[in-house]
Amino acid sequence: MKILVINTYSFEKIYQEWVDGQSPSHFLFGSLEVNATEGFQVDILPHSKYPWLDKLGRVFRITCLDQQVRVLMQLRKYDAIYAPFAIGNTRVLTLFKFLGLMRTPIIVLGHMNLYDKPKKKPIFDFRKKFLLQYDKIAFLSDGLMNKTINALEAPQEVIKKKFTKLSWGADITFHKKNENFVNSRQTEYAICAGTTDRDFDLMIETFRDIDFPLEIYCTPATRPDTSNLPSNISVNSDFIPYIELLKRYQKARFILIPIKADKVVTGRTLGLTVLLDALAINKPAIMTYNKYVDINPGDHGFGLSVNSFELEDWKSAVNSLLMDFERLDAMAENANRLYVEKYNSVAFGKSLVEVFEEIK
């Protein structure tokens, strides 16, 4: 079975980083694991070839038109299209499916909100029709899948045929090569990193009166105000290769994942990528509770879930764990167990293969 992978950002760059040992395979969402399975060939479509097509697409509010035109030009070569971030680069393809001009199956991942029920019922719901053109939607959480099912109000036979749930997991081989477990008693700081909707200001205030170092890693666009920063808190908004950030994770007492209050309700698996890092390196996590993530640390015993955005609640959570080394060690063991048993790249790859086999 030949599969063409398309994505809204450069997968060939991430693939090269994986080849160079600088990035894990799960950042390619199972593409490499499926490709390693007998009977499967997975090709990654180059991210950009005809920039003028994307410029034309922007005139008509169509993103990634270049990619979609190139997909249409080589459909006969492939048995399926795989789009991990589907909404941004499949709109033309779903239109062709809707019009009966394309039969090649499209498999997508669901890790963000795909559909909201219109407040006023439209005469013709294009968004719903186009969403149901996907042959399979593999959701990365039950919460997000159920939200979409309730909003769509589609027949059960359609839901059963098109929807499934997969458990994304971290790259076993990569983390084995870079393994460096640091015991909780030897750690000297907490860490908070992320590029999407992190409440860094809340973390600064949380650690303002806690005598323990906090390292924040962000982007220039998400950098918090550092004009009145306590001496125990450092903020780095420079680019850091993943493998270097991983080394900082390994030496942290725990990983903090605070999500902004207005973002955690939007129907996205916010925090999931960092949670997978925590599991892979046996590290406790303290995270804002997100009902659209299946592995909240408090529910699974590898950290704390804070269902609050109040400063005192976060202080209490951090202080309750900060010096409780026996509890930290138990959480590290639970993280490792979850990683080995379920949330890893091998298990995810096998599940993804089963999805492709269903649409043969």
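Three cavities of 30 Å³ or more sit in this structure. The model is a predicted one.

**Stop 1: the cavities**

Select Val182, Ser184, Lys283, Pro284 and Ala332. They are the closest to the centre of the largest cavity, out of 13 residues that line it. The volume there is about 60 Å³. Colour the lining by class and you get six nonpolar, four polar and three charged residues.

Go on to the second largest cavity, at about 50 Å³. Which residues line the second largest cavity? Select Leu140, Ser167, Trp168, Leu272, Val293, Asp294, Ile295 and Tyr343. Six of these lining residues are nonpolar, one is polar and one is charged.

**Stop 2: the largest pocket**

Now select Phe27, Thr195, Thr196, Tyr242 and Thr273. Among the 38 residues that line the largest pocket, these are the closest to its centre. Its volume is about 1300 Å³.

Which helix gives the most to the lining of the largest pocket? Show α1 (11–19), α11 (242–250) and α12, which each supply at least two lining residues. α12 gives the most, with four residues. By class, the lining of this pocket holds 20 nonpolar, twelve polar and six charged residues.

**Stop 3: the second largest pocket**

The second largest pocket has a volume of about 370 Å³. To find its centre, select Ile87, Arg91, Thr94, Arg127 and Phe130, the closest of 16 lining residues. Helices α5 and α6 (126–131) each supply at least two residues of this lining. Ten lining residues are nonpolar, three are polar and three are charged.

**Stop 4: α4 against α5**

On the α4 side, select Leu65, Gln68, Val71 and Leu72. On the α5 side, select Arg91, Val92, Leu93 and Phe96. These residues make the contact. Six of them are nonpolar, one is polar and one is charged.

**Stop 5: α12 against α15**

Return to α12, residues 272–280, and show α15, residues 325–341. How far apart are the axes of α12 and α15? The distance is 7 Å, and the helices pack at an angle of about 105°. They are therefore roughly perpendicular to each other. Select Ala278, Leu279 and Ala280 of α12, then Ala335, Asn336, Leu338 and Tyr339 of α15, to see the contact. Here the count is six nonpolar, one polar and no charged residues. Recall that α12 also gives four residues to the lining of the largest pocket.

**Stop 6: strands around β1**

Finish at β1, residues 2–5. Is the pairing of β1 with β2 (residues 41–44) parallel or antiparallel? The sense is parallel, over four bridges. Select Lys2, and look for Gln41 of β2 opposite. Then show strand β3, residues 80–83. β1 pairs with β3 in the parallel sense too, over three bridges. Here, Ile3 stands opposite Ala80.

How values were computed: Residues are numbered from 1 along each chain as its sequence is written. This is a predicted model: local features need pLDDT of at least 70, side-chain atom pairs count only at pLDDT 80 or more; totals for chains, interfaces and linings use all residues. Side-chain values use heavy atoms; hydrogens and water are left out. Contact means heavy atoms within 4.5 Å. Ala, Val, Leu, Ile, Met, Phe, Trp, Tyr, Cys and Pro count as nonpolar, Asp, Glu, Lys and Arg as charged, and the others, Gly among them, as polar. Axes are lines fitted to C-alpha atoms, for helices over the stretch in contact, and angles run from 0 to 180 degrees between N-to-C directions. Angles under 35 degrees count as roughly parallel, over 145 as roughly antiparallel, 65 to 115 as roughly perpendicular and the rest as oblique. Two strands pair if DSSP finds at least two bridges between them. On a 1 Å grid over the protein atoms alone, a cavity is a set of points where a 1.4 Å probe fits but cannot get out, and a pocket is an open set with protein on both sides within 12 Å along at least five of seven lines; lining residues have an atom within 4 Å of a point. Grid points are joined across faces, edges and corners, and a volume is the space filled by probe spheres set on the points.
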